[in-house]
Structure formats: C-alpha cells, structure tokens
Amino acid sequence: MTQIDVKTRLSADIRISTIRALERAGFGHIGGSMSIADVLAVLYGGEMRVRPQEPDWPERDYLVLSKGHCGPALYAALALKGYFPMDWLDTVNQPGTRLPSHCDRLKTPGIDMTTGSLGQGISAAAGIALGLRLQGKDSRVFCILGDGELQEGQVWEAAAAAEHRKLNRLIAFVDENKRQLDGYVADICGGDPVEKFRAFGWNALRVCGWDLAAISREIHVASEQSNAPSVIVLETIKGIGCSFAERELANHYMVISKQMADEAVAEIERRLLAGVYPAGEGA
Amino acid sequence: MTDRFFQAQPDKQDMRDAYCDALLAAAEQNERVLSLNCDLSGSLGTGRFCAQFPERSFNLGIMEANACSMAAGLSVTGYVPFVHSFAVFSSRRMADQIFLSCAYAGLNVKIIGGDAGVSAAVNGGTHMAFEDLGVLRSIVGLRLFEPTDNVMVKALIPQLATQYGVDYIRMPRRSVVKIYDEGERFTPGEAKLLREGSDVTIIASGVLVSEALLAANALAETGIEARVLDCFTIQPLDTKCVVESARTTGCVVTAENHNIIGGLGSAVAEALGEFAPVPMERVGVKNAFGEVGSQNYLMDRFNLRAKDICGAARRVIARKNER
C-alpha cells in the first residue's frame, strides 16, 4: 500500500471537496479548478504564512486567484484548512452563498482580492506587494493566473510594472492547462509563458504542475530572489484528477451529476492507493 | 451664497495647482495617501507632490488599467491611492477596473479625471470627455464629483481622502472662475445654493456654474429670479435639494460640461421624473463628439454659455405658465 503524504492527501481532498461542491450546485468550472488543486495544496499545506482563525492577520502571505472563476477549488482549500465550516461548501453558487462562482473578498474569509475579470488580479497582486513593501513587511504575494488569461493585455502591463519596481515578493503561477473556454490556447492565441515572462525580466521556469515537491522547491527559490518577481509555470492538464472532466475536451464548465461525482471521487481514491494520483495510469 | 450680481473673475492659480495643494494637504493629514500617475503628472500638476513625497508617489507609466487595479491592491493593504489621468482614460480605459477591482471589491480608491469636457481644448475630440460621468454613473456605490473652483477643490479633496469608498473626481487643469470665498465649507453629496429665486431653478456643475450665475444676472434684468444650485456631487445626487427646488420654482434647467446623456442633466431628469415632474431643459453637449479649439471657442460651439442657459430658462418658464 502506498504511503500518502499530507500534501498529497490535501490535494486529493481539495479535488474531492470541489467536485462535491460543484455536484451539489449541479454545474461549475471543473476543468480549471482541478488543475490548480495541487498548487493550492502546496500553498495551504504549509508554504503560505497564514492563520486560518485570523484571515486578516496583517503579517500573512497573500493569495490572489486571478483566474477567479476557479474560486471553488480555493474555497475547498480554505474550508479544509479551517477558514470556515466545511458545510459552507454545500452552498457554492447557491443563492445567498458566501462562496460565489468568482472570488469575492467581501464574502469569503481568506479571500484577499475580488477577481473575475481576467487580467486584473495580477495588477492587484502587484499593488498588494508594493503596499507591503512600503510597510516594510516581508510577506509574499502569490497570484495564480490561467494560461488563457495571459491573452489579456493587462497581464503584461502588470508584468512590466512589477519588474520595473522589482517586486521580488510577488510570486505568480501560470496554470498552463493548455485549454480555454473555446478550445486550445495554442489555436486561439498561444505562446510560451516562460519565454514571455523572461522577456519581461521575470524569473521564470516551468515545473510539472502536480509535482508537489517541485512546486515547493521553486517557491523557495523564488522567495530568495531579490531583484525581480518570479513566475512558476505549472504544466498541468485541464480537469486532471477528475475522471469525467479528463474524458471531456470541453471541460471548462460542466454540468455535474451525482453519479459522475461518485465515480470521480472513487477514482481519486483508487489512484491514490495505486500510486498513480492524480493523473492516472495514462499520464 | 455669492454676490447678487455675479462677476466672473478667473482665479490666479491654475486648478491643477490648487488640486496639488489639496492633495499635499490630504497627504500631510494622512500618511496613507499615495499619488499614482500614468505619465501625466506634468499635465495634471502632481509633480510637486512627487517632489515633496517621492516615496509616496508612483509614476506607473502609460497603463491606466494596471494603475487602477494596482491602486486597488494598495487599498487592500490600507493605503488611500489617488490615481491620475485624463478624464477620457480615467473613465473609458479604467471602467472595468473601477467596477471590479475597486467598487465591487469594496476598496478605497480615488480616481482623478483631468481635462474634463471642453477643458481638453486643443487636445481635441479624442481627449474630450463628454461621456465619463455616463460611463461611470451606473456603477454601484461610486461617488462622482466635479469641483467648481480652487476653494472647493482644496476643501473637498482632503475630505474625500478621509471617506472610505471609490470616488471619481473630474476637473479642468487651467484657471477657472472663482466662485467661493476662502473658508467656504462643502459637504459631499449636498448641492450648494448660490442664489435664491422663485421663477426657475438652474442646476449647474463645473465650468457651467459661472455661466449659470451670469445667466441669473441677465434674467434678473428682465424680472426673472433664478435659483442657482452648484451640484458638484453628481452622484449620489442631492435629490432632496433638487426636488424641493423644482417644487419651489416649478421648472428646472441643468447646465453641464458633458453630454446631456448620462451626466448631471440625466441624473436630475431621473429625480424629477420620479418625484417632481416639472418642465425642464438640459444645457450641455447635445450628443456630439468634441473637437479641437480653445475652451472659449468650444463653449460657444457647444452652446454652453449663459445665453444658452437664459434661453432654456425662458422656455421652461413659458411651459410652466402654459400649465
């Protein structure tokens, strides 16, 4: 039997809780939520300096989920870490919920910035990093971007501004799952995010997006940078770890039944035991 | 209230310099006040702020959308950023960022729109914001201001710096007509009654306030007494004052340096339509793009003069008397 470490178990629980939450809603942004589950497990599994019982702790590290439509995965991570009760996840996308489709700092404990109009989150993260620097704090600001989101011009305004101001405590991730709503990023408007960010003066590299140790290692490297912001491009698969989403090319937003969710959760547990989590034997 | 017979005298100081004085005063009162610029600090007069507070001044370059969302991020950490650009860019280019990063996110950001309306002058139609208020007025919770003169801008800016929320402030950069005496006090959201009168209410903003007072002088010579309001807060509108004035005088003229669609005239028409439907006319730009010219030329070109306000006043009074 495979030994399952704490962060791997957290990433599985983030996937399972997200799938269950979206199943109860009946639909949701499953594909991009699955592909960020692993980086969220690294961040909330010990990498980020946070206090779940004190979400506004001034000395914390910040996270801006610039691809705000994947809020449900972040909500799962926050609930699992104790920011709010797990049963809140039953209300995702339901009328009156505190866990809306896109991240909302006014509604959800632990959400540092409201996002949903792509491209704005990275600018806001740069602003937070600048503010923390003015206050003499060493807190880090993490920001998760989608690879489709990089088509937004504002991302590159922010990239230029953050580099110019040497915001070295800003650490971005690109969820390079290669797909956007209408199809493949490469077919719509692609390009290598690592090369682009390097051209903008950032420290940039690519790791396997579900290699928890590699992500953790690169966060440590990025945290030691003194001259520029850093971006860690996570090579991922849209829908990874969720069997019904993996089978569907158009998995950006799906209708999800209880049967689909039951099967997907069982498959996650099977892969964990078989030592092929999260991608399965075919990966 | 001003003198019964108003004489239009331009202030010796450019409005942008009065604004910078105001921002410096706000910054001295509150160490969290920051100045964000988009390569227009020379045009908008914030250079002295940068000289006095270099560590609190940031020229982010020609990227207004990023500047606005970065301002939101600075607000997350407790700062009070003032973001500066021309009104055309502060509204049209920042609209989604003002909505989502600032207003919807519940943050505390102040947006300055310089060169409002005809004051863009020889920069021409591309730079002439007749639509900025219309673009922003339906964003929930936004407060929209148009300071009338230097006394007001110096009084208003430090107040806004202490009031949490998203504010948009449009203004000219050059000298404007002096309306208020030093020491005058202003409450955001409350129109200023500049002249009492019972025949017609003129509700004006910005550079049209002095035209409204000149119009009131001219009307008085023909026996018409105009009540004049300086409605420097376009949103939230001082509905109580507007409605009471309409009921008192029975007819209303609005006057603004903006398209008559979407700005002060629209806001007043909405209030009157619901609460006090009286004859009204809107003096302002009649759904036209701007063009190159001196501010004087453009005020004539777009019929933004006292004589235009007088004509509108006589027409609404006639309609009132037909009832």
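Reply: Buried means under 20% relative accessible area, exposed over 50%, and partly exposed in between (1.4 Å probe, protein chains only). This is a predicted model: local features need pLDDT of at least 70, side-chain atom pairs count only at pLDDT 80 or more, and totals for chains, interfaces and linings use all residues. Residues are numbered from 1 along each chain as its sequence is written, chains are lettered from A and ligands numbered from 1 in the order in which they are written, and side-chain values use heavy atoms, with hydrogens and water left out.

Me: How much area do chain B and chain A bury between them?
Reply: Contact means heavy atoms within 4.5 Å. By that rule, 26 residues of chain B and 28 residues of chain A take part. Buried area is the accessible area (1.4 Å probe) that two parts lose on being put together, summed over both. Carbon and sulfur atoms carry 61% of it, and the total is about 2,100 Å².

Me: Which three residues supply more of the area that chain B buries against chain A than any other three?
Reply: Their share is 23%, and they are Met70(B), Val76(B) and Leu100(B).
The elements are DSSP runs numbered from the N terminus: helices (H or I, at least four residues) and strands (E, at least two). Strand S2 (57-59), helix H4 (64-76) and helix H6 (95-104) of chain B each give two or more residues to this side. The most, 9 residues, come from H4(B).

Me: Is Ser123(A) buried or exposed?
Reply: Ser123(A) sits in helix H5 (residues 120-134) of chain A. Beyond its neighbours within four places in sequence, its contacts include Asn66(B), Ser69(B) and Met70(B). Its relative accessible area is 0%, so Ser123(A) is buried.

Me: How many salt bridges are counted between chain B and chain A?
Reply: A salt bridge is a side-chain nitrogen of Lys or Arg within 4 Å of a carboxyl oxygen of Asp or Glu. Between chain B and chain A the count is 0.

Me: How many residues apart are Asp175(A) and Lys67(A)?
Reply: Their side chains meet in a salt bridge (2.6 Å, N to O). Asp175(A) is buried at 0% relative accessibility, and Lys67(A) is buried at 3%. Asp175(A) lies in strand S4 (residues 170-176) and Lys67(A) in the loop between strand S2 (62-65) and helix H4 (71-80) of chain A, a separation of 108 residues.

Me: Is Glu182(B) buried or exposed?
Reply: Glu182(B) forms a salt bridge with Lys178(B) (3.6 Å, N to O). Lys178(B) is partly exposed at 30%. With a relative accessible area of 63%, Glu182(B) is exposed.
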